[in-house]
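Q: Please take the structure below and work through its pockets, with the elements and residues that line them.

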Amino acid sequence: EGLDLAKKNGAFLSMDIYNTEYTQSEGPKRGELEEFLQKDRDIAQVQRDNFRKAVQMGIRLTLGTDTGVHPHADAPKQLAVMVRYGMTPMQAIQAATWVGAQALGLEAEVGQVAPGYAADIIAVPVDPLADVRALEHVGFVMKQGTVYR
């Protein structure tokens with residue numbers, strides 16, 4: 001019902017489906033309670049199945065994370081999980097850029113590499129359309145014409 005409403009109203013959804021990997025691998029090391037870890041396991045597949053349904057329904061999905069659950073540097077790991085659960089690599093990249101800009105009402109300023117846009121660019125070792133995990137290994141970032149390493 002929620003997905004139908006999102007589709008009907010043109011809502012953007014931000015669904016974190018990576019956090020379970022982190023919680024399940026790091027939670028026991030951090031002393032997370034077993035009840036918490038079990039609840040995370042119980043809802044993980046339902047959450048991911050709903051993500052797949054949202055993709056199939058054409059609902060506008062943005063890259064979202066529960067950053068705070070995992071380190072900020074892990075945010076790009078969400079992209080590979082998004083692909084595993086129904087998106088193409090291009091759709092996942094667009095969720096993090098163009099669709100995200102639309103959700104924020106900034107599509108006239110950011111979200112694509114085009115004249116007049118504030119295009120920040122990253123370099124990765126391989127084509128992310130062939131392997132979206134390449135976006136987990138950024139070689140450099142160019143922001144407003146300045147390269148940061």
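Q: Which element gives the largest share of the lining of the largest pocket?
A: This is a predicted model, in which local features need pLDDT of at least 70 and side-chain atom pairs count only at pLDDT 80 or more, while totals for chains, interfaces and linings use all residues. Residues are numbered from 1 along each chain as its sequence is written, and side-chain values use heavy atoms, with hydrogens and water left out. A pocket is an open set of points on a 1 Å grid over the protein atoms alone, where a 1.4 Å probe fits, with protein on both sides within 12 Å along at least five of seven lines, and its lining residues have an atom within 4 Å of a point. Helix H5 (89–96), helix H6 (98–103) and strand E3 (121–123) each supply at least two lining residues, helices (H or I, at least four residues) and strands (E, at least two) being DSSP runs numbered from the N terminus, and the largest share, five residues, comes from H5.

Q: Which residues lie nearest the centre of the largest pocket?
A: The space in this pocket is about 960 Å³. Of its 29 lining residues, those nearest the centre are Ile93, Ala96, Thr97, Asp120 and Ile122.

Q: What is the volume of the second largest pocket?
A: Its lining includes Val55, Arg60 and Gln91, and the largest share of that lining, three residues, comes from H5. Taken as the space filled by probe spheres set on grid points joined across faces, edges and corners, the volume of the second largest pocket is about 160 Å³.
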